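Please keep the sequence and the model open while reading.

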Amino acid sequence: MLPSGRMRMKRIFVHVFVALLWAMLLQRGGLQVVVLPDTVSNCCEGDILLLLDSSGSVANYEFSRLLRFTAKLLRPFLLGRGHVRVGLLQVGTNPNLEFGLDVHSKQESLQKALLGVSQLQGDTNTKAALGVAQHVLTDARAQKVLLWLTDGVELGEVDEPITRMKERGVFVLIVSTVHGNFQVLQRAVSPPVETHLYSVDIDNMDIITEDLRAAIIKIIQAERLRVAGVTSRSAVLQWRPVLTRHSGFYELWYHAKDDTQTEARRFLSGESSRVELTDLQPETSYSAFLRPESNRRLFSTLTVSFTTLPDVLSPSVVSVSDSGPRQTRVSWGPLQPAQVRSYTVEYGTIPSGAVQRVTLPSHRNSTVLSGLEPGTQYLVTVSALYKDGKERALSVKACTQEAAAAAPPALADLQLTPLEHEEVQAEWKARQQDVRGYWLNWERGGAISSAYLPPSSRSTRLAHLAPSSRVCVSPVYQWGRGEGVCCNTEKVHG
């Protein structure tokens with residue numbers, strides 16, 4: 001009888017030999033072989049949408065390599081609801097949803113579908129495809145991953161739709177060939193860039209398979225507590241919901257790593273899937289723990305560690321805008337109403353003008369300074385008074401605009417010349433070019449008469465005027481009637 005080690009090696013050799021022989025026979029028969037692993041990972045639950053560049057800028061060889069890479073990447077996952085759902089959206093002149101998230105629940109069908117995709121060709125209309133992707137990744141309770149595979153050529157305007165998707169909880173991971181626009185891709189990818197953005201030669205894609213798969217697993221791993229966001233004084237924690245409102249509750253506790261005695265504890269409803277921790281200390285490492293409590297089954301305690309960011313004291317930036325001859329707007333940030341009691345804005349002319357002061361509440365981040373002198377330089381200082389008594393100030397220079405010279409009147413020198421049969425010749429001079437016409441008013445027979453004249457007019461004849469009639473001419477602009485000139489007929493006859 002052979003030793004156990006030699007027996008095990010013999011069995012492995014036989015399995016490999018049979019698999020290779022079977023593959024050779026199928027290949028001779030013109031069939032495509034999809035070799036699946038003996039086991040698939042049951043680690044994860046989430047939705048993965050493949051955004052595949054299928055435009056004409058991608059060579060046929062590159063397209064087939066991308067498909068084979070994607071098939072190998074996804075091969076270990078267990079598919080279907082409650083596990084991992086996979087969809088494929090192709091980018092071309094018009095986006096094409098090759099298959100949705102609920103189509104494939106078995107690896108065999110997914111692998112066959114991936115390797116059988118036909119390239120669209122056409123233009124790279126990524127923006128339109130992202131619009132479709134937003135309607136595919138809609139499950140609010142699932143972790144969502146958009147895996148974008150592209151050559152990076154002619155990406156288009158993708159910043160806005162990508163930002164909207166990330167705001168809705170979608171993690172964007174990108175695989176690009178070496179031709180890609182790295183700056184655009186770096187803005188689009190979800191942090192951390194080091195594990196979510198890969199730029200690789202098309203013939204060496206296999207070297208990133210394990211790292212990319214690990215990054216996806218880290219996002220959609222089923223039972224885990226993760227940090228969705230962190231600031232200097234707060235953190236948002238998220239987890240996959242395993243309870244309902246009536247099946248139990250969550251117990252959450254957290255503390256600074258160097259102060260285990262001071263612990264905060266909270267109880268959350270069973271329908272919760274996220275919580276915000278507030279009143280944390282800046283630049284401090286914390287440990288958080290979450291335990292689902294239910295009488296139906298026993299759950300493991302989930303844990304996560306994070307470090308808060310350094311405190312950015314307000315104001316850290318002050319800017320001026322909308323400056324005119326006698327006013328300017330001053331803005332500052334960031335807003336910190338929980339820490340700041342009030343803001344004070346002081347301003348005065350440079351070098352030694354009188355200082356004026358405005359005090360504003362902590363929720364304001366801008367104000368308009370008025371009553372300024374035209375063409376003058378001011379020193380503006382914004383100070384924050386913190387609730388703990390500390391103060392922080394930041395200054396900026398502001399310049400008002402020069403006062404515009406007064407524009408001459410549009411009309412001048414209205415003259416009324418008497419004619420026969422109680423008629424009067426009205427003449428005037430115009431000084432502006434943007435006049436759209438002229439509006440005349442005069443008295444005739446005890447009533448007020450009016451008329452509109454085209455912009456080329458400089459005179460008109462008025463009949464049947466009373467001896468003391470008043471004649472007025474006003475310029476007409478695009479925005480309305482301007483200031484005019486008037487003259488009385490009695491002065492003409494006098």
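A salt bridge here is a side-chain nitrogen of Lys or Arg within 4 Å of a carboxyl oxygen of Asp or Glu. By that criterion, Asp47, Arg81, Arg85, Asp102 and Asp139 are linked in a network of salt bridges. The whole structure holds 18 salt bridges.

The model is predicted, so local features need pLDDT of at least 70, side-chain atom pairs count only at pLDDT 80 or more, and totals for chains, interfaces and linings use all residues. Residues are numbered from 1 along each chain as its sequence is written, and side-chain values use heavy atoms, with hydrogens and water left out.

**Salt bridges**

Side chains of opposite charge can pair when their charged atoms come close.

| Arg187 and Asp159 | 3.0 Å | 28 residues |

Elements are DSSP runs numbered from the N terminus: helices (H or I) have at least four residues, strands (E) at least two.

Accessibility classes use a 1.4 Å probe and protein chains only: buried is under 20% relative accessible area, exposed over 50%, partly exposed in between. Lys72 is partly exposed at 34%. Asp206 is partly exposed at 44%.

Arg81 is exposed, at 60% relative accessibility.

Arg187 pairs with Asp159. Arg187 lies in helix H6 (residues 182-188) and Asp159 in helix H5 (residues 159-167), so the bridge ties these parts together. Both ends are partly exposed: Arg187 at 48%, Asp159 at 33%.

**Helix packing**

Helix H2 (residues 60-74) packs against helix H3 (residues 107-115) at about 165°, with axes 9 Å apart. That makes H2 roughly antiparallel to H3, a label for angles over 145 degrees. On the H2 side the contact (heavy atoms within 4.5 Å) uses Leu67, Arg68, Thr70, Ala71 and Leu74; on the H3 side, Gln107, Leu110, Gln111, Leu114 and Leu115.

Note on methods. Axes are lines fitted to C-alpha atoms, for helices over the stretch in contact, and angles run from 0 to 180 degrees between N-to-C directions. Angles under 35 degrees count as roughly parallel, over 145 as roughly antiparallel, 65 to 115 as roughly perpendicular and the rest as oblique.
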